[in-house]
Amino acid sequence: MSEELPYQRLQRHFHEPVRLAILSLLVHEVDGLSFNQLKEGLDLTFGNLDRHLKVLSEAEVVSVHKITGKG
């Protein structure tokens with residue numbers, strides 16, 4: 001059984017242009033961005049952005065913090 005090469009691991013997570021766009025927006029924000037800011041900034045649907053964030057989170061590339069309710 002052959003071990004996966006580092007490039008292959010990267011390619012698996014970053015082959016989608018949307019994921020690179022997400023990272024491009026986040027890299028400039030020290031405090032991160034809200035889901036809605038990302039959604040609007042990238043003109044994505046809720047489901048599409050959610051799926052891409054899950055992949056990046058599972059790869060430990062981004063950290064997702066969910067905040068519920070107001071006040």
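The model is predicted: local features require pLDDT of at least 70 and side-chain atom pairs pLDDT 80 or more, whereas totals for chains, interfaces and linings use all residues. Residues are numbered from 1 along each chain as its sequence is written, and side-chain values use heavy atoms, without hydrogens and water.

**Exercise 1. Architecture**

Determine how many helices and strands the chain has.

Solution. 
Step 1. Helices (H or I, at least four residues) and strands (E, at least two) are DSSP runs, numbered from the N terminus.
Step 2. By this rule the chain contains four helices and zero strands.
Step 3. Read from the N terminus, the order of elements is α-α-α-α.
Step 4. The C-alpha trace spans about 50 × 25 × 25 Å along its principal axes.

**Exercise 2. The nonpolar core**

Identify the residues that make up the largest nonpolar core, and state which helix supplies the largest share.

Solution. 
Step 1. Buried means under 20% relative accessible area, exposed over 50%, and partly exposed in between (1.4 Å probe, protein chains only). Of the 71 residues in the chain, 17% are buried.
Step 2. A nonpolar core is a set of buried Ala, Val, Leu, Ile, Met, Phe, Trp, Tyr and Cys residues joined through side-chain atoms within 4.5 Å.
Step 3. The largest such core has eight residues: I22, L38, L42, L44, L49, L53, L56 and V62.
Step 4. The largest share, three residues, comes from helix 4.
Step 5. In soluble globular proteins, nonpolar side chains tend to be buried together.
Step 6. Leaving out residues up to four places away in sequence, L56 touches H13, F14, R19, I22, L23, V61 and V62.

**Exercise 3. The aromatic pair**

Classify the pair formed by the rings of F35 and F46, and decide whether F46 is buried, partly exposed or exposed.

Solution. 
Step 1. Rings of Phe, Tyr and Trp (its six-membered ring) pair if their centres lie within 6.5 Å; planes under 30 degrees apart count as stacked, over 60 as edge-to-face and the rest as tilted.
Step 2. The count by this rule is one aromatic pair.
Step 3. The ring centres of F35 and F46 lie 4.8 Å apart with planes at 50 degrees, so the pair is tilted.
Step 4. Because F35 lies in helix 3 and F46 in helix 4, the pair ties together parts 11 residues apart in sequence.
Step 5. F35, with a relative accessible area of 23%, is partly exposed, whereas F46, at 53%, counts as exposed.

Methods: Contact means heavy atoms within 4.5 Å.
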